[in-house]
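Please keep the 3D view open as you read.

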Amino acid sequence: GAADEDPPLLSEPVRRVATVVGAIAAAYVVLVPLAQLARRLVRRRRARSPGERVALLWHTATEAAGKAGVVLPASLTIAEAAERIAGALPDARPAVDALARTMETLVYAEVPPDDEQVVAAARWRAEVVAAARAERPWHQRLLEWFDVRELFGRGRLRVVRGDVAALSAP
């Protein structure tokens with residue numbers, strides 16, 4: 001009968017709270033990585049012109065370097081940032097230098113890149129990001145997907161164009 005049944009391990013209110021907490025945790029584990037993927041997609045789609053695409057490539061390269069421990073204050077010029085990144089990621093020096101030169105041409109000379117330069121910049125960015133990722137342990141790279149702070153950026157790089165300051169990535 002009823003006397004033979006063991007009492008439940010958890011009381012009903014505790015089970016209800018655990019169910020809610022579990023549902024919230026499951027939603028977080030699914031929604032945060034999906035939101036990060038959506039953010040990346042939106043950033044890529046917003047970068048329509050060749051200049052905007054190169055600026056985004058530079059931004060994501062510097063972002064990856066920052067995650068690898070390279071300190072890049074907003075006050076640095078493009079050349080200074082490139083020198084710091086190349087010093088920390090020597091295998092990526094040629095790619096960093098080439099990407100920085102393309103970015104300097106865009107920002108300081110106000111000459112937009114052609115399609116060939118955008119393709120080259122994408123290749124250089126991939127080299128920089130790969131070198132930066134190699135500096136970080138796998139578990140840090142994995143946990144980054146679940147870090148909600150990634151959705152809001154870790155500080156945006158400002159690029160000054162004449163008398164107008166603009167974000168380097170939308």
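## Salt bridges

The structure holds nine salt bridges, a salt bridge being a side-chain nitrogen of Lys or Arg within 4 Å of a carboxyl oxygen of Asp or Glu. Side chains of opposite charge can pair when their charged atoms come close.

Before going further, a word on the ground rules. This is a predicted model, in which local features need pLDDT of at least 70 and side-chain atom pairs count only at pLDDT 80 or more, while totals for chains, interfaces and linings use all residues. Residues are numbered from 1 along each chain as its sequence is written, and side-chain values use heavy atoms, with hydrogens and water left out.

## Pairs in helix α1

Let us begin with E12, which takes part in two of these pairings. Its side chain meets that of R15 in a salt bridge, at 3.2 Å from N to O. E12 also forms a salt bridge with R16, where the closest N and O atoms are 3.6 Å apart.

Helix α1 spans residues 12–46 and contains both R15 and E12, three residues apart, or about one turn of the helix. R16 lies in helix α1 too, four residues from E12, again about one turn. (Helices, H or I with at least four residues, and strands, E with at least two, are DSSP runs numbered from the N terminus.)

How accessible are these residues? E12 is partly exposed at 40% relative accessibility, and R15 is partly exposed at 37%. R16, at 51%, is exposed. The cut-offs are under 20% relative accessible area for buried, over 50% for exposed and in between for partly exposed, with a 1.4 Å probe and protein chains only.

## A linked network

Now turn to E144 and R136, whose salt bridge has its closest N and O atoms 2.8 Å apart. Is E144 buried or exposed? E144 is buried, with a relative accessible area of 12%, and R136 is buried at 12% as well.

This pair belongs to a network of salt bridges that links K67, R136, E144 and E150.

## The chain as a whole

The chain has six helices and two strands. From the N terminus on, its elements run α-α-α-α-α-α-β-β.

Of the 170 residues of the chain, 32% count as buried. Among contacts (heavy atoms within 4.5 Å) with a separation of 6 or more, 66% are between residues 24 or more positions apart. The accessible surface comes to about 10,700 Å², 60% of which belongs to carbon and sulfur atoms; accessible areas come from the Shrake-Rupley method with a 1.4 Å probe, and for residues only the protein chains shown count as cover.
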